[in-house]
Amino acid sequence: METNKRMHPMMMLLSFIASLKDIFFMFIFLFIIHFSSTATWVEIGRILFFAYLIYKVFSVIATWWRTTYSVNNSFIEIRQGVFTRKQHQIPFDRIQNVQTNTPFYLRPLNLTALTLETGAEDEDSSFTFTAISKQEAEQIEHVLDYYTKQQAQEPEAIQTSETETASSNTQPVMQDKRIVHFNPTKKDVLKASVLSFSYLLLIPVLASLLRNIDEVYDLSETSEKIFDFLRESWFWLSVLIFMFIIITIGFGLVRTYLKYGRYEISSDQERIYIRKGVLNEQHFSIRKQNVQAVHIEQSLLKRMLRIAEVKLISAGGVDISGEEINSLYPFLPINRAYNMIEEILPEFAIKTGMEQLPKKSLVARICQLPLLWIIGTTIIVIFFPKWWPISIILFLLTVASRILDYYFTCYLIHGEVLQVRTGGFFTTTSITTREKIIEFKLEQDLIQKRFGLADMETTNRSKPIHVNSLDNIPIDMAKHTFAWYTGRSPKVEGGSYGKQDLYRR
Amino acid sequence: MYQHIEEPKQKISQHAINVWRFTNTIGHFIFSIIIVVLLILNANFEWYGWIGYVLWILLGLDIISAIWSVFFEPILLQKYWRYGINKDFVQLKHGRWNMEHQAIPMTKIQYVSLKQGPILRKYGLSSVTIGTMASTHEIPAIQEDEAKTIRDEIAALAKIREVES
């Protein structure tokens with residue numbers, strides 16, 4: 001359908017700059033630190049440096065020239081390699097996630113970077129178009145969407161009888177329409193800026209700035225003068241402190257705004273879309289059916305402010321350059337979070353009134369061997385005997401975390417959904433459905449047997465696999481959950497296989 | 001509540017005890033030889049003083065663990081190992097003191113394979129390995145023909161694909 005295309009010529013410049021970043025240190029070393037040196041090795045180094053630069057110019061051009069792609073009806077074909085040619089086909093039905101990332105310097109050129117993620121485990125699992133025009137990116141996304149829509153229609157026709165009741169009767173009308181679920185208000189950004197502690201980042205930034213200036217001009221004398229002056233005048237000192245606080249807060253606000261300000265969560269039938277960033281704009285989408293579990297995470301502080309982070313555990317990695325992108329929004333008001341999950345993913349709807357664990361579970365928790373504390377104490381005793389109070393603090397923290405863990409741990413099964421909350425200082429509520437759990441395990445050791453307790457472990461598909469365990473629950477509860485799980489009645493391709501759902505509350 | 005799932009009932013072969021005894025004996029034998037060699041070296045060369053103590057402690061621990069894992073552990077392990085296969089699940093359960101009970105849905109299984117080492121072959125046994133998207137599981141030491149039946153059964157049942165997986 002399409003002929004071979006190349007990426008935008010800007011790609012050359014981008015990869016050239018990227019390679020400059022790699023050798024920046026060499027540049028400093030050869031031309032700044034050894035600025036006046038005429039030693040032979042420095043000369044050779046400089047020649048090699050320029051040779052490398054010239055080589056890089058040609059290699060970047062050649063790579064750009066020799067990298068082509070073509071979009072077909074059901075797959076994208078990519079040809080790469082200057083001398084050894086590599087052909088790489090990505091079938092559309094393997095593509096799990098599409099992401100676009102528009103750094104601020106690409107925006108004026110109307111360009112963007114597009115990443116296609118497949119669920120595969122190897123290094124070919126994702127492909128990034130480093131620079132293509134926005135229209136082109138949109139077109140690729142459009143072709144993909146069209147393809148998945150066509151695919152989705154076929155199996156659905158067979159299975160109308162078995163589609164989930166929850167989603168089919170609420171949203172037949174709004175096919176295709178994107179609904180915006182969340183835009184942070186000013187208040188949200190404000191809260192986020194307090195909680196993200198990004199203002200603390202100012203301190204290292206300032207410190208490194210001062211050090212850099214200090215290297216060029218000797219600051220120690222001036223700083224002494226300033227210090228003496230301030231010690232004598234309380235007024236100026238307080239002004240300075242005040243200004244410092246204002247600047248920190250301002251810095252935190254700007255940083256948070258740039259990161260979480262223009263945020264948007266929207267969804268349609270197929271996918272969840274997230275747009276974020278003010279300077280560097282990022283778009284990405286997750287296929288709803290790939291979502292394996294939903295996590296709601298709260299630290300103690302966030303719990304006090306009734307704010308939570310919602311994460312989606314999805315099959316097929318959603319991770320570019322280490323940044324956690326599976327997070328919906330780290331500072332959602334808790335009630336909004338619950339509603340939103342219900343709106344976006346009705347199958348993962350959360351119910352309140354989760355069951356707590358019985359008292360004996362607390363006893364078992366306390367009785368557990370405090371391994372971390374033992375290791376920590378041994379290290380302290382052997383290497384830093386003077387720091388012994390840390391051992392006591394560590395012990396108290398361990399106990400506190402266990403008690404908190406007991407209080408916060410709770411659990412609920414309703415219909416297809418398993419809802420588990422665990423954690424002490426940092427709680428995680430995990431919501432998953434019976435169909436998405438791929439393995440289920442019960443464990444019980446000798447002590448737990450005495451108490452009538454057991455550990456439960458569920459595994460979800462993700463990258464890497466996602467294991468969720470719930471420790472020291474009563475054995476009845478564990479068996480009950482086991483029974484619930486083994487009563488699963490999966491929908492099966494091509495017909496009504498699977499036993500009837502005997503168990504439903 | 002628990003009634004409509006059947007606890008796994010099938011046992012693994014009685015010969016498993018001998019197999020485990022044999023492999024554990026070999027393992028501990030090799031380990032203790034290494035320790036003894038190190039002890040001899042330690043006596044002849046001037047190593048740090050504490051190395052000798054550590055080696056003696058290791059040897060002592062190894063002997064205790066050898067007695068446990070050669071004479072007692074295989075019997076208990078074989079006695080309480082259960083597996084069960086029906087059309088929806090593979091269930092594995094083992095251990096009395098440290099009980100572990102696992103359910104793997106048939107539709108999530110990606111491969112089954114048979115394994116047979118020289119010791120297993122001597123007793124006409126095989127072990128079945130089941131791989132899912134998350135991990136691999138093993139049913140150790142069952143009769144060879146039974147293992148083949150199980151493999152074929154799981155392979156046939158696992159062919160059915162769940163929607164959306």
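**View 1. A hairpin in chain B: strands β6(B) and β7(B) form a hairpin with three residues between them.** Welcome to the first close-up of this predicted model. Strand β6 of chain B covers residues 125–132, and strand β7 of chain B covers residues 136–143. The two strands run antiparallel, and six bridges join them.

View 2. The contact takes seven residues from domain 1 of chain B and eight residues from domain 2 of chain B.

**View 3. The side of domain 1 of chain B that touches domain 2 of chain B, where α1 (16–44) and α2 (49–80) of chain B each supply at least two residues.** Which helix gives the most to this side? It is α1(B), with five residues. By class, the residues on this side of domain 1 of chain B are five nonpolar and two polar, with no charged ones.

**View 4. Two helices of chain A: α12 (residues 359–367) and α14 (residues 389–408) have axes that come within 10 Å.** In general, two packed helices are described by the angle between their axes and the distance between the axes. Here the axes of α12(A) and α14(A) cross at roughly 155 degrees. Angles over 145 degrees count as roughly antiparallel, and α12(A) and α14(A) are therefore roughly antiparallel to each other. The crossing in which α12(A) passes α14(A) is right-handed.

**View 5. The residues where α12(A) meets α14(A): the contact is made by residues of both helices.** On α12(A), look for A:Ser361, A:Leu362, A:Arg365 and A:Ile366. Facing them on the list from α14(A) are A:Arg402, A:Asp405 and A:Tyr406. Sorted by class, the contact of α12(A) with α14(A) has three nonpolar, one polar and three charged residues.

**View 6. The domains of chain A: the chain is divided into domain 1, domain 2, domain 3 and domain 4.** Domain 1 of chain A takes in 5–158, and domain 3 of chain A takes in 193–260. Domain 2 of chain A is written as two stretches, 175–184 and 261–348, while domain 4 of chain A spans 355–486. The C-alpha centres of domain 1 and domain 3 of chain A lie 39 Å apart.

Key
Residues are numbered from 1 along each chain as its sequence is written. Chains are lettered from A and ligands numbered from 1 in the order in which they are written. This is a predicted model: local features need pLDDT of at least 70, side-chain atom pairs count only at pLDDT 80 or more; totals for chains, interfaces and linings use all residues. Axes are lines fitted to C-alpha atoms, for helices over the stretch in contact, and angles run from 0 to 180 degrees between N-to-C directions. Helices (H or I, at least four residues) and strands (E, at least two) are DSSP runs, numbered from the N terminus. Angles under 35 degrees count as roughly parallel, over 145 as roughly antiparallel, 65 to 115 as roughly perpendicular and the rest as oblique. A crossing is left-handed if the near helix is turned anticlockwise from the far one by less than a right angle, and right-handed if clockwise. Two residues are in contact if their C-beta atoms, placed from the backbone, lie within 7 Å. Ala, Val, Leu, Ile, Met, Phe, Trp, Tyr, Cys and Pro count as nonpolar, Asp, Glu, Lys and Arg as charged, and the others, Gly among them, as polar. Two strands pair if DSSP finds at least two bridges between them. Domain bounds come from an automatic or database domain assignment.
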